[in-house]
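At each stop, select what is named, then look at what surrounds it.

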Amino acid sequence: MAVTACAVPAHLFGTSVPNVWNSSARRSLFGDVLLVIFLLAQCFDGVFTYVGVTTFGVSIEANPVLVALMAALGRGPALMGAKLVASALGICLHLREVHGAIALLTVFYLAAAIVPWTVIFFL
């Protein structure tokens, strides 16, 4: 009787664990460019918000969560923390290849944050 050197895990434990992480992820030029635009929008929004809040006061900020963070932590740390969290979540979406959501978020930031600040500052 021959003894095998290894056992098949599916035979020992019933079923094998599914592979959740796709190690051979496809590269997407569209997704890469979109992520860069998203991260730039986050940077511009952070800088414009900081300049706006410093110039006009905290009352000009429309996001109540960010206003509360600014009251608790200060302007710089609150904005830096919020932008780092948003950027990290955008990178997570990119790694999960959810580029449609990143596109919608980028358009939202451009329309709801960058354009209004640009109008306030330059027009």
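Which residues does lysine 83 touch, not counting residues up to four places away in sequence? Select lysine 83 and you will find that it touches Gln42, Asp45, Gly46 and Tyr109, where contact means heavy atoms within 4.5 Å.

Before going further, note that this is a predicted model, in which local features need pLDDT of at least 70 and side-chain atom pairs count only at pLDDT 80 or more, while totals for chains, interfaces and linings use all residues. Residues are numbered from 1 along each chain as its sequence is written, and side-chain values use heavy atoms, with hydrogens and water left out.

**The whole chain**

Among contacts between residues at least 6 apart in sequence, 68% join residues at least 24 apart.

**Back to lysine 83**

Lysine 83 lies in helix H4, and with a relative accessible area of 13% it is buried. Show its side chain together with those of two residues that it touches: a polar contact of 2.6 Å links it to the side chain of aspartate 45, and another, of 3.2 Å, to the side chain of glutamine 42. A polar contact is a pair of N or O atoms within 3.5 Å; within protein, one must be able to donate a hydrogen and the other to accept it, and residues adjacent in sequence count only if both atoms are side-chain atoms.

**The largest pocket**

Next select Asp45, Glu61, Asn63, Leu66 and Ala113, which of the 19 residues lining the largest pocket are the closest to its centre. About 420 Å³ of space lies in this pocket. On a 1 Å grid over the protein atoms alone, a pocket is an open set of points where a 1.4 Å probe fits, with protein on both sides within 12 Å along at least five of seven lines, and lining residues have an atom within 4 Å of a point. Grid points are joined across faces, edges and corners, and the volume is the space filled by probe spheres set on the points.

Helices H2 (29-56), H3 (64-73), H4 (75-95) and H5 (99-122) each supply at least two residues of the lining, and H5 gives the most, with seven.

**The nonpolar cores**

Now select Leu34, Phe38, Ala41, Ala86, Ile102, Tyr109 and Ala113, the seven residues of the largest nonpolar core; such a core is a set of buried Ala, Val, Leu, Ile, Met, Phe, Trp, Tyr and Cys residues joined through side-chain atoms within 4.5 Å. H2 and H5 each supply at least two residues of this core. Apart from it lies another core, of five residues, among them Val53, Met70, Ala78 and Leu79.

Centre the view on phenylalanine 38, which, leaving aside its neighbours within four places in sequence, is in contact with Ala86, Ser87, Gly90, Ile102, Leu105, Thr106 and Tyr109.

A polar contact of 3.2 Å joins its side chain to that of histidine 99, and a polar atom of the side chain of histidine 94 lies 3.5 Å from the backbone oxygen of glycine 31.

Glutamate 97, in the loop between H4 and H5, is partly exposed at 33% relative accessibility. Its phi is near 60°, a positive value in a residue other than glycine. Most residues other than glycine have a negative phi.

**Around helix H3**

Finish at H3, where, at the start of the helix, a side-chain oxygen of asparagine 63 reaches to within 3.0 Å of the backbone nitrogen of valine 65. H3 is followed by glycine 74, whose phi is positive, near 105°. In the loop between H2 and H3, select isoleucine 60, which counts as partly exposed at 31% relative accessibility. Not counting residues up to four places away in sequence, isoleucine 60 touches Gly52, Val53, Trp117 and Ile120.

Methods. Helices (H or I, at least four residues) and strands (E, at least two) are DSSP runs, numbered from the N terminus. Buried means under 20% relative accessible area, exposed over 50%, partly exposed in between (1.4 Å probe, protein chains only).
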